[in-house]
Every structure is written in C-alpha cells, then in structure tokens.
Amino acid sequence: MGDLLTLAFTSFLVQNIILSQFLGICSFLGVSNKRSKALGMGLAVFFVITLSGVVTWLIYYKILEPGGLTFMRTIVFILVVAAMVQILEMAIKKFSPLLYGSLGVYLPLITTNCAVLGVALLNIQNNFTLPETLVFSAFTSLGYTAVIIVFSYIREQMLKAPIPEGFKGIPSGLIAASIMALLFKGFVGLI
Amino acid sequence: MAKKKKRLTPKQNIIKGLIKENPTFVLILGMCPTLGVTTSLENGLGMGLSVLFVLILTNTLISLIRNIVPSEIRIPVYIVVIALVVTMLEWILQAKFTGLYNSLGIFLPLIVVNCIILGRAEAYASDNTVFDSIFDAIGMGLGFTLGLSTLSFVRELLGTGSVQLLGFTLFETSVAATFLVQPAGAFLTLGLIVGIINTIKVDRAKKKKAIMDIKIAAALKIKAAKAAAAAAAKEELANG
C-alpha cells in the first residue's frame, strides 16, 4: 500500500508528465490560453489515459506476450488508443450530452497527444503490475490536468502584462513553464 | 478539381522547410522530443535524423496511396503507415546504433504521434505528387534537425561546458550552468530562441514598413511638386 502511495505521489508531482517528462507539450501549449479549454482538455485526457493505460497493459500481457508479438506493441497500442478515443466519444455522447458539450471537441485531438501513448509505453517499460498501472496512469494524468489548469490561470494573467512584441504568446509561455518546472523540482525533497 | 496551387521547385521546397516554415521555431510542432532529448548535440542530431528518415518514407508511401484510400478513413490509415515505419526504424536503431536507441528511450516509439509527421501527411502528401512530397519531407526533416541541433548545441555548451560529437570535443567554455540541461532549462532555452527569432521578424517588418512609408512620402512629394509646377505653367500661360 505504501509503495502505491509513493508511486501516486511521484507520478503526480515529482515526475510530473509535462514539466519533467516532456509528454503532451503540444496540447499543453495549444489549449492552455483559456481556463475553460484547459479544464475540458484536462478531464478528457484524464479519462483517456486511465482507461487506455489499463487496456493496453491487459492486451500486452494477455495477448501480445503469450503470442510472442511484443515487437508489434507500438502499432497495437496506437490502434487501441485511437479505438478507445472513438468508443469514449460515442459513450459520452449517448449517456451524458452535457459532458459531451464540454469535452467533445477535445476528444479527437487526444489520439495524437503523446502523453497517452507515452503512459501506455511507460507502464510496460517499468514492468508495472496491474494495480501499479492503474495508479500510475490515473495520477500521471491527474498531474497533467492539474498543471494545465494552473498554467491556464497564469497565462490569462500574463495577457495583462506589458510583454515585448516578439515574446508574446508561445515564447513567454515557455519561459513561464520553465519557472514552473523549477518550482516542481522542489517536490523531489518530499519523498 | 480545385484550382492548382503554384508548384514549388525542389530547392524552394527545401528552403521552405528549413527557414520559412521551420517546424521547431516557426510552426512550433513536435515539441515533446524537442524538449525531451535535446540534452546533448548527439541526441538532438540522432532524433532529427530519425524523424527525417521516417518523414521521407511516410510522405512517399502516403503520396503513393493517396488516390486509393477513401477520405473518411484516411487518418487511421496514415497512423498505421507511420507506426509501421517507426517500428522498422526501432529495429534498425536497436540493431545498429544501440547507444542512440537507449538514450532516445521512449521518445523513439513516440515519433508515431509526432505532430510534424501526421501534419505533413495530411497537409501535403495527401494531395501532392510523390516527387514533391519527397522534397517537402526532406525540407521539413532538415528543418526539424536544424531546430533540434541548435537547441541541443546551446544547452550542451552552456549546460555542461563542452560539446561532444562522436567522441570528439568540438567546443569548450569555462562556465557550466547545469540548470540548462535540466527540464526547466529546456523550456527557458526554447522560449528565448523563439522569442529572439520573433523579435527579429517584428523588427524587420517594422523596418520594411518604415522604408515603404518613406518611399510613399517621397512619391507623394514628387507628385505634389509636379502638380504645383503644372499649375504654375498654366498660370503663366493664362497671364500670357
């Protein structure tokens, strides 16, 4: 139990997926300019990563490994992720039109979000067990959601700042992210 | 058929990818490997060349099958093609360049979801000839390699104090700020480089505008002088 707690904490803060693993940067820079967008994207990524992390783990250890097909994992995983996103989109559309209204636009974008395939591959690379996979996937994606929401607040404030013409938008965003990454480095001391 | 766009020559196509539409500094695409592997010049170059290799193959293949694939399912088909090529690359690197394979780590299979590759497939190879698509791929791939090597060169030089390539030391400085090879340094270096490039562009646009303004003012002055001269001549005529 203690191990799982450490793992949760590490994947949520210390090894934060955006600020220290550099996965999902494209969407991080793309949708973090508005708070509502960041929240929608964050939640959609949370659902997709948690689900696809567990599903790809099951496929890898129950189908690919017994069949000696582990070399096919990149192709199989990306197909699973694409299928998961489609199924999730249909399910949300059917059962909760309200949620679909806020998440719908972001779901198709997630297929090519490297955080999703990245977490699926990391689960296998680190030889995680099923509970570990669940905890790692859930907390890594929560880390993504938390950082993208906090960052969207910062960027909304930055719009009011007098920034030189050339540094507006992405460059100043990257520099702010750099300061945030420095702050997150401080969490290393906690474990 | 839609109106045909002006075709770029191979040279223009390559320059477009290298400078005008540089994927790293201008289009801001493929950020994950850009920030993740640029701790040393060797890794940056390795990643850049890997993407160049994948891009040439996928652009060629997708351009070849562009008329067979129904447009509703084209994205899944493209992703499968890209995943196949990346898997091939993984085998080659694992067998021949084990050091690079290990240091690129998870970012190697993640080339599958690199926005540059699917982006070029969708935006260029899906409606251009094979020949043009290959040069587009070479331009974009070299542009990405240029971006990654610039970034990793700066980070390695200032972060570790020297730049190494294939066992040789290329440059040495007396300072080393380890901060730059850490995650925070990646964001900072890229932010500064993109910011500086944008500032230069803004300055240039301003200068161009200033020059145009001066030219327009000068032209207006000449016109006014001519009109005045014509009026004076008329008056002289009238006065006899």
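Q: How are α3(B) and α4(B) oriented to each other, and why?
A: This is a predicted model, in which local features need pLDDT of at least 70, side-chain atom pairs count only at pLDDT 80 or more, and totals for chains, interfaces and linings use all residues. Residues are numbered from 1 along each chain as its sequence is written, while chains are lettered from A and ligands numbered from 1 in the order in which they are written. Start with the terms. Helices are DSSP runs (H or I, at least four residues), numbered from the N terminus. Axes are lines fitted to C-alpha atoms, for helices over the stretch in contact, and angles run from 0 to 180 degrees between N-to-C directions. Under 35 degrees counts as roughly parallel, over 145 as roughly antiparallel, 65 to 115 as roughly perpendicular, and the rest as oblique. Here the axes of α3(B) and α4(B) cross at roughly 140° and come within 10 Å. The two helices are therefore oblique to each other.

Q: Which residues of α3(B) and α4(B) make the contact?
A: Two residues are in contact if their C-beta atoms, placed from the backbone, lie within 7 Å. From α3(B) come B:Ser50, B:Phe53, B:Val54, B:Leu57, B:Thr58, B:Leu61 and B:Ile62. From α4(B) come B:Tyr78, B:Val81, B:Ile82, B:Val85, B:Val86 and B:Leu89. For classes, Ala, Val, Leu, Ile, Met, Phe, Trp, Tyr, Cys and Pro count as nonpolar, Asp, Glu, Lys and Arg as charged, and the others, Gly among them, as polar. This contact has 11 nonpolar, 2 polar and no charged residues.

Q: How are α3(B) and α6(B) oriented to each other?
A: Their axes come within 10 Å and cross at roughly 25°. They are therefore roughly parallel. The contact includes B:Val54, B:Thr58 and B:Ile62 of α3(B), with B:Ile116, B:Ile117, B:Arg120 and B:Ala121 of α6(B). It divides into 7 nonpolar, 2 polar and 1 charged.

Q: What span does helix α4 of chain B reach?
A: The expected span of a helix is 1.5 Å times one less than its number of residues. Helix α4(B), residues 74-96, has 23 residues and reaches 33 Å from its first C-alpha to its last, close to the 33 Å expected.

Q: Which residues of α4(B) are buried, and what do they pack against?
A: Buried means 20 or more other C-beta atoms within 10 Å of a residue's own, exposed 12 or fewer, and partly exposed in between; C-beta atoms are placed from the backbone. The buried residues of α4(B) are B:Tyr78, B:Ile79, B:Ile82, B:Ala83, B:Val85 and B:Val86. They pack against α3 and α6 of chain B, and against α4 (73-95) of chain A.

Q: How many residues does each chain give to the contact between chains A and B?
A: Chain A gives 31 residues and chain B gives 30. On the side of chain A that touches chain B, α9(A) supplies the largest share, 9 residues. By class, that side has 22 nonpolar, 7 polar and 2 charged residues.

Q: Where does A:Phe22 lie, and is it buried or exposed?
A: First, the backbone rule. Most residues other than glycine have a negative phi. A:Phe22 has a positive phi, near 60°. It is found in the loop between α1 (2-14) and α2 of chain A. A:Phe22 is buried, because 26 other C-beta atoms lie within 10 Å.

Q: Is A:Asn127 buried or exposed?
A: A:Asn127 is exposed, with 7 C-beta neighbours inside 10 Å. Its phi is also positive, near 55°. Its place is the loop between α7 and α8 (130-158) of chain A.
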